[in-house]
Amino acid sequence: MAEGCMMALRYGMVFFNLLFWLGGCGILGVGVWLSVTQGNFATLSSSLPSLSAANLLIAVGTIIMVIGCLGCVGAVKESRPLLLTFFILLLLIFLLEILSVMLFFIYQDEIDHYAQRDLRKGLQLFGTEGNVGLTNAWMIVQTDFRCCGVTNHTDWFEVYNATRVPDSCCLEYSDNCGLDNPGTWWTAPCYERVKDWLNENLVALWIFALCTALTQILGLVFSMTMFCQAVKVETFYA
C-alpha cells in the first residue's frame, strides 16, 4: 500500500513538474519574442530600464524551467540532492513572495509616492533616441486607459515646455492633435486609472495568487515527502 502511494506521488510530482517546466518554456518563449520584436516594450520606469515586460518574462520563465526540471528529474530518479534543492528553491521563492506582499502593504504610501515620482521622471525620456520601448508603452497606456500623464495631463507641459501633450492623449487621434485645444484631450490621470483597473480585477488577482500559493505548497509537501521516503529507504538498505 505504501509503495503504491509513493508510486502515485512520484507520477504526480513528474506530471506537476512537467507542466511547470512547459509553462516556463511558454513564458520564456513569449519573453524572447517580445524582446526580439518589440525591444524594451512596456518599460515605464526611468530608474529601472531593465524592468520591461520582455525581461521579466524571460527571467520568470527561466526560473520556472530550472525549478521544474530539478523537480521532474529528482522525482524520476528519487534523487535526494535534487529533491532537496527543489524544495529549498521553491521555499525561498514562497518566502520572498510573502515578504514582498507584507512590505507592499506596510509601505504602500511610500511605494505610491516613489512610483509616481519615477514615472513623471520617465516622461522626460518620451520620444527621445534609444527609448522606443518607453515611448510605445506610454502611447499604449494612454490610448487603452483613456488617460493622460501620470497624475494629470499637465505633467506633459513640463516635458514639452509648452501647452501640449502626446497625440495618444487625444479623444480622437490625429497627427499633431496634442497641439489642439485642451478640451480635446483625455484629462484622467493614468496612475489612478491603472490602480482603478487593478482594484476592479482584485478578485481575479487574489484567485491567481491563491492558486499560485497552493501550487507551491503542494510542490513543497510532495518533494519533502519523497525526500523523507528516499532517506528511509536508503537507511533501511544501509
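Trainee: Where does asparagine 176 sit?
Mentor: Asparagine 176 is in the loop between helix 6 and helix 7. Keep in mind that this is a predicted model.

Trainee: And what is its phi, for asparagine 176?
Mentor: Phi of asparagine 176 is positive, about 60°, although the residue is not a glycine.

Trainee: Is asparagine 176 buried, exposed or partly exposed?
Mentor: Asparagine 176 has a relative accessible area of 47%, so it counts as partly exposed.

Trainee: Which side chain has a polar atom 3.0 Å from the backbone nitrogen of asparagine 176?
Mentor: That is the side chain of aspartate 167. Aspartate 167 is found in the loop between helix 6 (155-160) and helix 7 (190-200).

Trainee: What does aspartate 167 touch, sequence neighbours up to four places away aside?
Mentor: Aspartate 167 touches Tyr173, Ser174, Asp175, Asn176, Cys177 and Gly178.

Trainee: Which side chain of opposite charge is nearest to aspartate 167?
Mentor: Arginine 164, at 4.9 Å. Aspartate 167 is buried yet has no salt bridge; the cut-off for one is 4 Å.

Trainee: New topic: which residues touch the most other members in the largest nonpolar core?
Mentor: Leu123, Trp138, Val150, Trp156 and Val165, in a core of 19 residues. Two or more residues each come from helix 4 (108-123), helix 5, helix 6 and helix 7. Helix 5 gives the most to this core, with 3 residues.

Trainee: What is tryptophan 156 in contact with, beyond four places in sequence?
Mentor: Its partners are Leu123, Phe126, Gln142, Cys148, Gly149, Arg164, Val165, Pro166 and Cys169. Another core lies apart from that largest one and has 15 residues, among them Val14, Phe16, Phe87 and Leu220.

Trainee: Back to helix 5, where does asparagine 136 come in?
Mentor: Asparagine 136 lies in helix 5, residues 132-145. With a relative accessible area of 27%, asparagine 136 is partly exposed.

Trainee: Where is arginine 146, and what about its phi?
Mentor: Arginine 146 is in the loop between helix 5 and helix 6. Its phi is near 50°, a positive value in a residue other than glycine.

Trainee: Last one: where does UniProt put the "transmembrane region" feature?
Mentor: The unreviewed UniProt entry places it at residues 12-36, 56-76, 83-107 and 203-222. In the model, residues 12-36 are 100% helix, with end C-alpha atoms 36 Å apart. Residues 83-107 are 96% helix and 0% strand, with the end C-alpha atoms 36 Å apart.

Key: Residues are numbered from 1 along each chain as its sequence is written. This is a predicted model: local features need pLDDT of at least 70, side-chain atom pairs count only at pLDDT 80 or more; totals for chains, interfaces and linings use all residues. Side-chain values use heavy atoms; hydrogens and water are left out. UniProt positions are given in the numbering used here, feature names are shortened, and annotations may be inferred rather than shown by experiment. Helices (H or I, at least four residues) and strands (E, at least two) are DSSP runs, numbered from the N terminus. Buried means under 20% relative accessible area, exposed over 50%, partly exposed in between (1.4 Å probe, protein chains only). Lys and Arg count as positive and Asp and Glu as negative; His and the chain ends are not counted. A polar contact is a pair of N or O atoms within 3.5 Å; within protein, one must be able to donate a hydrogen and the other to accept it, and residues adjacent in sequence count only if both atoms are side-chain atoms. Contact means heavy atoms within 4.5 Å. A nonpolar core is a set of buried Ala, Val, Leu, Ile, Met, Phe, Trp, Tyr and Cys residues joined through side-chain atoms within 4.5 Å.
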